[in-house]
Amino acid sequence: MSLPPPVSVSPLIKFARWTMLSAGILYGVSRQSSLEKKEEKLRVIRAQKKAIKDAKLAEEKKRANEEMSTLDSNLTYLQIDSKPSNIQR
């Protein structure tokens with residue numbers, strides 16, 4: 001079984017194909033550039049929010065540690081009996 005010879009493609013069709021390919025590549029490059037700019041702005045915003053969030057978490061942790069140390073120091077003054085006392089009814 002043999003294939004027929006290939007049909008010659010019109011120069012107009014070849015030109016249109018190459019034009020569309022070039023236009024698609026140029027569109028992709030410009031789209032990529034605009035998306036990179038948007039992403040860079042978002043990265044800056046995320047970094048600022050992360051810094052604020054980390055500062056808040058550090059402050060909360062510091063406050064929790066201070067509260068725990070206060071509770072611990074208060075607990076040392078109390079005498080807690082580890083054995084249950086006999087309650088008479």
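Is Lys50 buried or exposed? In this predicted model, local features need pLDDT of at least 70 and side-chain atom pairs count only at pLDDT 80 or more, while totals for chains, interfaces and linings use all residues. Residues are numbered from 1 along each chain as its sequence is written, and side-chain values use heavy atoms, with hydrogens and water left out.

Lys50 is exposed, with a relative accessible area of 52%, where exposed stands for over 50%, buried for under 20% and partly exposed for values in between, computed with a 1.4 Å probe and protein chains only. Lys50 forms a salt bridge with Asp54, the closest N and O atoms being 3.0 Å apart; a salt bridge here requires a side-chain nitrogen of Lys or Arg within 4 Å of a carboxyl oxygen of Asp or Glu. Asp54, at 36% relative accessibility, is partly exposed.

The structure holds 4 salt bridges. Among them is the pair of Arg46 and Glu39, whose side chains meet at 3.1 Å, N to O; Arg46 is partly exposed at 47%, and Glu39 is likewise partly exposed at 28%. Arg63 and Glu59 are also joined by a salt bridge, at 3.8 Å from N to O, and Glu59 is partly exposed with a relative accessible area of 37%.

A positive surface patch is formed by Arg31, Lys37, Lys38 and Lys41, patches being made of residues with over 30% relative accessible area and no salt bridge, with like charges joined within 9 Å and nonpolar side chains (Val, Leu, Ile, Met, Phe, Trp, Tyr) within 5 Å. Lys37 is exposed, with a relative accessible area of 55%.

Conventions:
Areas by Shrake-Rupley, 256 points an atom, 1.4 Å probe, with all protein chains shown as cover. Lys, Arg positive; Asp, Glu negative; His and termini not counted. Charge placed at Lys NZ, Arg CZ, Asp CG, Glu CD.
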